[in-house]
Amino acid sequence: MKTKTVQEFLSDLCRLDVKLWVEGDRLRCRAPQDVLTVEIKQELAERKADIITFINHNSAALVAEENPILPVSREENLPLSFAQQRLWFIEQLTNVSQIFDAPVISRLKGSLKVSVIEDAINEIVRRHEILRTNFISLEGQPVQIIQPTLKLSLPVIDLQELPAAERKIEIQRVIARESSRHFNLSEGLLLRCFLIKLSEREHISLLLTHHIITDGWSVGVFNWELTTLYAAFSQNQPSPLPELSVQYVDFAVWQRQYLQEEVLENLLTYWKQKLRGNLPVLQLPTDYPRPPIQTFSGNKQSFFIPADLTQRLITLSRNEDVTLFMTLLAAFKTLLHLYSGQDHILVGSPIANRNQEETEQIIGFFVNTLVLRTNLGGNPSFQDLLKDVRKTTLDAYAHQDIPFELLVEQLQIERNLSYTPLFQVMFVLHNAPIPDVEIPGLTFQAVEASENRKTMFDLIFHITETEEGLLGELEYNTDLFESATIERMAKHLETLLTAIVADPQ
């Protein structure tokens, strides 16, 4: 097996949200819990000198360090980030708010002090201005309005008197009801919290936020701060969390100042070359005609890739000198090629987009989307396809700083309300599921929402690595596809993966 280049190794770490930077002659590292394996630590130590040299000569983050994020005046008009602006405009066009809601459900077991958890949530609201922010139009442009104070109440819905069967139904009804309620961007809190009481020692918490103020990483920040603050407050101790040096609005202003002149031109040069020519709309065979205005009605179909097939995919990835992400992406693109008959396949893939140390502890909408384009014309072998996907992915990581929304604007993509620009399907590889959190007297356990009634794209392929194998999920637009069609697609994908590991040629 070939030794990975420094760039390939660093791109693997990037996908795992591992941050590396240089201080003098020292290589510094920050990573999510349990991500840094013994093997990764050993390779970091062995390749330290090469990594420092590469970062010093190639890291786009160095430019950002020369222009650090600084607090800005709250007295002036505060712009939205590029990502926020796109959500705001879509909502004005469609008048559909709930498509951006991100429900977070947790099961709380133990002796819960309701007043304490309410105080902890309100401390988070105080700490993070974005949770006290509204969005209004001023002379036709959206601006952020930060409320100086806002207090959130924590309603408790008591279901402990219901029989077990009825209680389960009622839980889902409550979650569906609250998830379907609209947020008003221009006034009030853009998050809602509820407690469902099942017994004296068991509750379910429901947190709903508008996507314009949060992302997946932010959920982790919120949960970590909540458990930390609850542990302190329940012992009558003050908050142990340090004050934040900057807030999300400071990032929004910095982003618009940073993406100027040479930085922007270098990024655009790459993406204009990569996305030149005709960019076809993916023509998957649908069960229903595409509506003239994009709808966001969604559902999902789960499936499982067993451990033996998963291990063979991992082995193939190592032998071909690619990541599991690249192998699964290449397989997914192959399936889309077979379904559509099109050669040029464009797929979106999210990336955390938190390249500065200051942004790692901030709640906000940072996530960016990369457009990964592949030409499957000429009937390439899967091994050749993997090489192309690897190069495309690595190059995209190296040019990830341009916001997707700015890219659409700069490429002068003609807007069509019936589908999303540049790509219509997305591929997401998730890290391991969030572990349970235990504090004295209480356990926080993440719960998967049973239903997903909305989706931003025609199709999203989620894949999560677990100890038992790969957990797959096809999220789809129900105004385009029937559930039976998506179920067949999942089976076709597993069949394709089995064939790939049997004969990559």
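## A guided look at rings, a helix and the cores

Being four residues apart in helix α9 (residues 248-258), W254 and Y258 are separated by about one helical turn. Helices here are DSSP runs of H or I with at least four residues, strands are E runs of at least two, and both are numbered from the N terminus. This is a predicted model, in which local features need pLDDT of at least 70 and side-chain atom pairs count only at pLDDT 80 or more, while totals for chains, interfaces and linings use all residues. Residues are numbered from 1 along each chain as its sequence is written, and side-chain values use heavy atoms, with hydrogens and water left out.

**Aromatic rings**

- A search of the whole structure finds 15 aromatic pairs; rings of Phe, Tyr and Trp (its six-membered ring) pair if their centres lie within 6.5 Å, and planes under 30 degrees apart count as stacked, over 60 as edge-to-face and the rest as tilted.
- W254 and Y258 are a stacked pair, because their ring centres are 4.7 Å apart and their planes are at 15°.
- Both W254 and Y258 are buried (buried means under 20% relative accessible area, exposed over 50%, and partly exposed in between, using a 1.4 Å probe and protein chains only).
- F423 and F457 also stack, since their ring centres are 5.2 Å apart with planes at 25°.
- F423 sits in the loop between α14 (404-410) and β12 (425-430), and F457 in the loop between β14 (442-447) and β15 (459-466), so this pair ties together parts that are 34 residues apart in sequence.
- F423 and F457 are both buried.
- One aromatic cluster is formed by Y248, F251, W254, Y258 and F366.

**Charges over rings**

- The charged end of R192 sits over the ring of F183, 4.1 Å from its centre; this label requires NZ of Lys or CZ of Arg within 6 Å of the ring centre and within 35 degrees of the ring normal.
- R256 places its charged end over the ring of F82, 4.2 Å from the centre.

**Helix α7**

- In α7, the buried residues are E170, I171, V174, I175, E178 and S179.
- Looking down the axis of α7, these buried residues fall within an arc of 160°, so they line one face of the helix; the arc is that of the directions from the helix axis to the C-beta atoms.
- The face turned away from the buried side of α7 carries the exposed residues A165 and I169.
- The buried residues of α7 pack against β3 (104-110), β6 (156-158), β7 (191-199) and β8 (202-209), where contact means heavy atoms within 4.5 Å.

**Nonpolar cores**

- The largest nonpolar core has 136 residues, and those with the most contacts inside it are F427 and L459; such a core is a set of buried Ala, Val, Leu, Ile, Met, Phe, Trp, Tyr and Cys residues joined through side-chain atoms within 4.5 Å.
- Helix α12 (residues 324-340) gives the most to this core, with ten residues.

**Two single residues**

- S106 is in strand β3 and is buried, with a relative accessible area of 11%.
- Not counting residues up to four places away in sequence, S106 touches H203, I204, S205, Q445 and V447.
- K113 is found in the loop between β3 and α6 (114-127) and is partly exposed, with a relative accessible area of 37%.
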